[in-house]
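Me: I would like a close look at one part of the model below, followed by its setting in the rest of the protein. Please keep to what can be computed from the coordinates.
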Amino acid sequence: MSEAWPAPRPSRRIDAVVDVPGSKSLTNRYLLLGAIAQEPTRIRGALRSRDSDLMIGALRVLGARIDHEATTGDLLLTPGPLRAGGRIDCGLAGTVMRFVPPLAAQAPGEVAFDGDPRARERPMAGVIEGLAALGVGVDHEGEATDRLPFVVHGRDGLAGGRVEIDASASSQFVSALLLTAPRLREGLEVVHTGASLPSMPHIEMTLAVLAERGVAAEATGATSWRVDPGPVAGGEVVIEPDLSNATPFLAAAAVTGGRVRIPRWPSHTTQPGADILEILTRMGAHAHLQGEVLEVRGTTALQGLDLDLSRAGELAPTVAALAALARTPSRLRGIAHLRGHETDRLRALVTEITRLGGNARETPDGLEIDPAELHGGRVQTYADHRMATFGAILGLAVDGVEVADIATTAKTLPDFPGMWHAMLRG
Ligand SMILES: O=C(O)C1=C[C@@H](OP(=O)(O)O)[C@@H](O)[C@H](O)C1
Ligand SMILES: C=C(OP(=O)(O)O)C(=O)O
């Protein structure tokens with residue numbers, strides 16, 4: 001664990017252009033599809049961070065060749081026959097622990113999965129149920145039968161068909177089963193049976209990425225999806241900037257009355273981070289897209305808001321920081337599943353807002369945050385990259401904020417502290 005990081009306060013008005021690295025969710029989907037493609041794939045603008053490196057490591061264990069081209073920074077994927085017999089470290093990456101087991105299920109033999117201590121607490125039931133429905137055995141190495149660690153007993157030539165799972169704990173259960181479905185003899189229909197379903201844009205992203213690689217993939221109902229069997233194309237792909245990782249920088253403009261611009265902002269995207277435009281506008285900041293540049297300018301006072309964040313739960317820590325600095329109350333709804341993220345984010349956000357003198361409460365499916373005068377303190381981050389960026393946002397507006405283990409941001413951003421200081425320099 002690194003030393004506590006003194007969150008910087010701006011010495012002058014922020015006016016910065018921030019180049020944000022590639023999307024975690026897109027990078028890890030294209031990496032996985034590259035490993036089962038019928039030809040090599042070149043990924044431009046890929047994210048290099050702990051989560052994408054864990055995905056690269058996992059795919060290598062399963063037989064893919066992945067090279068980093070130093071001159072361009074591109075990743076070059078050469079698919080190989082699926083290989084069993086290895087151990088996969090999922091770290092704390094939801095995309096690795098959920099997306100890779102269904103691929104291992106198609107490798108002939110045993111593949112073991114484990115991760116960080118907190119990874120053993122994150123929900124996995126939907127993936128394990130899906131594998132069972134496909135006829136794939138999973139042996140549990142610990143006591144829990146719905147979590148890591150486990151061993152997948154894969155085999156060639158799985159039939160596929162139709163599986164019913166409860167994905168209310170994570171949309172990644174659905175994406176996981178769909179992503180490797182082109183290799184199933186009959187393809188796959190996935191039907192969600194639970195009461196609610198978070199992060200719908202991430203499921204749409206899965207369908208869009210499959211379609212972009214030449215696979216027939218579509219929604220068959222409000223909560224059911226189908227992927228046809230068929231070859232996955234390789235070729236070149238360019239990854240969009242990570243819009244969720246852009247949000248702390250945009251929030252920096254909003255809370256300080258400054259200006260931040262993000263180049264290469266896509267005009268059409270399946271990334272839920274794009275919702276930040278509307279959220280910031282509702283809170284009183286000026287946010288608009290000029291060509292391919294998103295510009296956010298802050299105002300003197302932020303307004304709270306009542307918001308259903310179920311589409312974009314990833315944004316909750318950023319929005320909670322904004323809400324804690326707003327002058328009217330906020331309610332964030334539809335995010336009960338955040339209790340299964342890198343940490344229990346609802347509890348962590350309430351604890352850390354309260355630590356700094358704020359006023360926040362958990363509700364059954366979210367948070368209520370009331371205006372309060374904040375003071376300094378050491379924000380705990382619980383191995384959660386977005387708790388660290390939450391602390392950094394508050395530190396822009398409040399004296400004496402420190403962030404414990406800022407290095408945890410490396411989960412999805414290779415040099416968050418450097419980028420943050422560069423933003424303050426303008
Ligand atoms: O498919 C993806 O890439 C993701 C889906 C979402 O997961 P949940 O539905 O578990 O929230 C999101 O929060 C996560 O950061 C990335
Ligand atoms: C929930 C997140 O990550 P993961 O992919 O590990 O689920 C996140 O990045 O906010």
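Where is the place of Glu189, and which residues does Glu189 touch, not counting those up to four places away in sequence?

Reply: Glu189 has its place in strand β11, residues 188-192. Helices (H or I, at least four residues) and strands (E, at least two) are DSSP runs numbered from the N terminus. This is a predicted model, in which local features need pLDDT of at least 70 and side-chain atom pairs count only at pLDDT 80 or more, while totals for chains, interfaces and linings use all residues. Residues are numbered from 1 along each chain as its sequence is written, and chains are lettered from A and ligands numbered from 1 in the order in which they are written.

Leaving out residues up to four places away in sequence, Glu189 touches Arg162, Thr220, Ser224 and Arg226; contact requires C-beta atoms, placed from the backbone, within 7 Å. Gly235 is 46 residues away along the chain, and its C-alpha atom is separated from that of Glu189 by 27 Å.

Helix α4 covers residues 125-133, and its buried residues are Gly126, Val127, Ile128, Glu129, Gly130 and Leu131. These are covered by elements including α3, β8 (137-140), β9 (150-154), β10 (161-165) and α5. After α4 comes Gly135, with a positive phi near 90 degrees.

Helices α3 (94-104) and α5 (172-179) each supply at least two residues of the shell around ligand 1. That shell has 13 residues, the closest being Ser25, Ser170, Ser171, Ser199 and His202; a residue is near a molecule if its C-beta atom lies within 6 Å of it. Domain 1 (5-21 + 241-425) and domain 2 (24-222) both contribute to this shell, so ligand 1 lies between them. The domain bounds come from an automatic or database domain assignment.

Ligand 2 is surrounded by Ala93, Gly94, Thr95, Glu314, His341, Glu342, Arg386 and Thr412. At least three residues of its shell come from each of domain 1 and domain 2.

The protein as a whole has 12 helices and 23 strands. Its radius of gyration is 21 Å, close to the 22 Å of the globule rule for 426 residues, so the protein is as compact as a globular protein of that length. The radius is taken over C-alpha atoms, and the rule is 2.2 Å times the number of residues to the power 0.38. Of the 426 residues, 54% count as buried.

Definitions and conventions. A residue is buried if 20 or more other C-beta atoms lie within 10 Å of its own, exposed if 12 or fewer, and partly exposed in between; C-beta atoms are placed from the backbone. Two residues are in contact if their C-beta atoms, placed from the backbone, lie within 7 Å.
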